Amino acid sequence: MSTTGPVTAPLPVVVPAPAPKRVSRLGVALGITTAVLATLGVWLTWRVFVASAAGQRVDQAAFEGAEYGRNRLWQVAEPVLEVVSIPYVAVVLVAAVIIAVVRRRGGLALQVALLVAGANITTQVLKNVVFDRPDLDATPVFANALPSGHTTAAASVSAALVFVVPPRARPWAAVLGAVYTSATGISTLVGGWHRPGDVVAGVLVVLAWSGLACALASASRPRGGPDTPSTATGQLVLTDPARTSRSGRRRASMVGVGGGLLLLAAAAAAVPAAYGMYASWTTAGDLDSRAELLVAYAGGASGVVAMSCLTFAVLLAVRQAAGRVG
């Protein structure tokens, strides 16, 4: 007499499908809005500081004010500017793409390449083809130098770092990016390479392309969740919703801290920038005294810091929104 145990039905074979994609509407909207507003900001900067006599006068005063103390400050500024070059941008871009690939984020590598290449090419086209510097009898005749290529290069590689680092490191990458961009922009003022308007426009060009890259990231965001098949391993991955929620709250908190620091720095720098702008704009006659030139120069340098910090605060917020699904 033979005994047989209960017949166990074979386990079904689960063939995991690729994780579906779901657009983050908030991220796309914020990214596109950021790109549009930053593009408008580039045009307004040119219109005010290059295409108007009053703007040329104020921007040129800041340029001439940089001559005071240049010999000492140039010892610090020159090494900062010597780093920035086409090979430097290429090396950083390759490194950023490698980081994205190592993290198995092929789409991220495309976004970073779009950001860095798009920003630097756009700056050269705007400076050499689109914008001109009319002779308005307000300053000596110069060729157009807006936007600043060195500032664009520094800001674009800094923004790329914000994209490729893990989310927990993103706020500190944004803070470092703002510091490095500010240092490069001010160094161009110290060296007499650019005026404040040129630097601000270069930062805004990078913000415009960062917004587009964030919109692209939001549009291609994979939808995750409990029991989501892993496309990398082909296995079913069980996730803990509570743990995921706690991790998300910690990241959001760190983003808030980083963004808050950047906004505080931007506000602090905006005060002397606004004073310098107001004092220079409302002064009658030529801006040629030592005091007037130094006020214009300090205001312009402060404006560079304020715009750099504000730009990376916005980038941090939009990049965070690009990672949310909804």
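Biologist: Is F49 buried or exposed, and at what relative accessibility?

Modeller: This is a predicted model, in which local features need pLDDT of at least 70 and side-chain atom pairs count only at pLDDT 80 or more, while totals for chains, interfaces and linings use all residues. Residues are numbered from 1 along each chain as its sequence is written, and side-chain values use heavy atoms, with hydrogens and water left out. F49 has a relative accessibility of 16% and therefore counts as buried (buried means under 20% relative accessible area, exposed over 50%, partly exposed in between, with a 1.4 Å probe and protein chains only). The structure holds four aromatic pairs, where rings of Phe, Tyr and Trp (its six-membered ring) pair if their centres lie within 6.5 Å, and planes under 30 degrees apart count as stacked, over 60 as edge-to-face and the rest as tilted. One of these joins F49 to W281: the ring centres are 6.4 Å apart and the planes stand at 85°, so the arrangement is edge-to-face. Because F49 belongs to helix α1 (residues 25–49) and W281 to helix α9 (residues 241–282), the pair ties together parts that are 232 residues apart in sequence; helices here are DSSP runs (H or I, at least four residues), numbered from the N terminus. W281, for its part, is partly exposed, its relative accessible area being 34%.

Technical notes
Helices (H or I, at least four residues) and strands (E, at least two) are DSSP runs, numbered from the N terminus.
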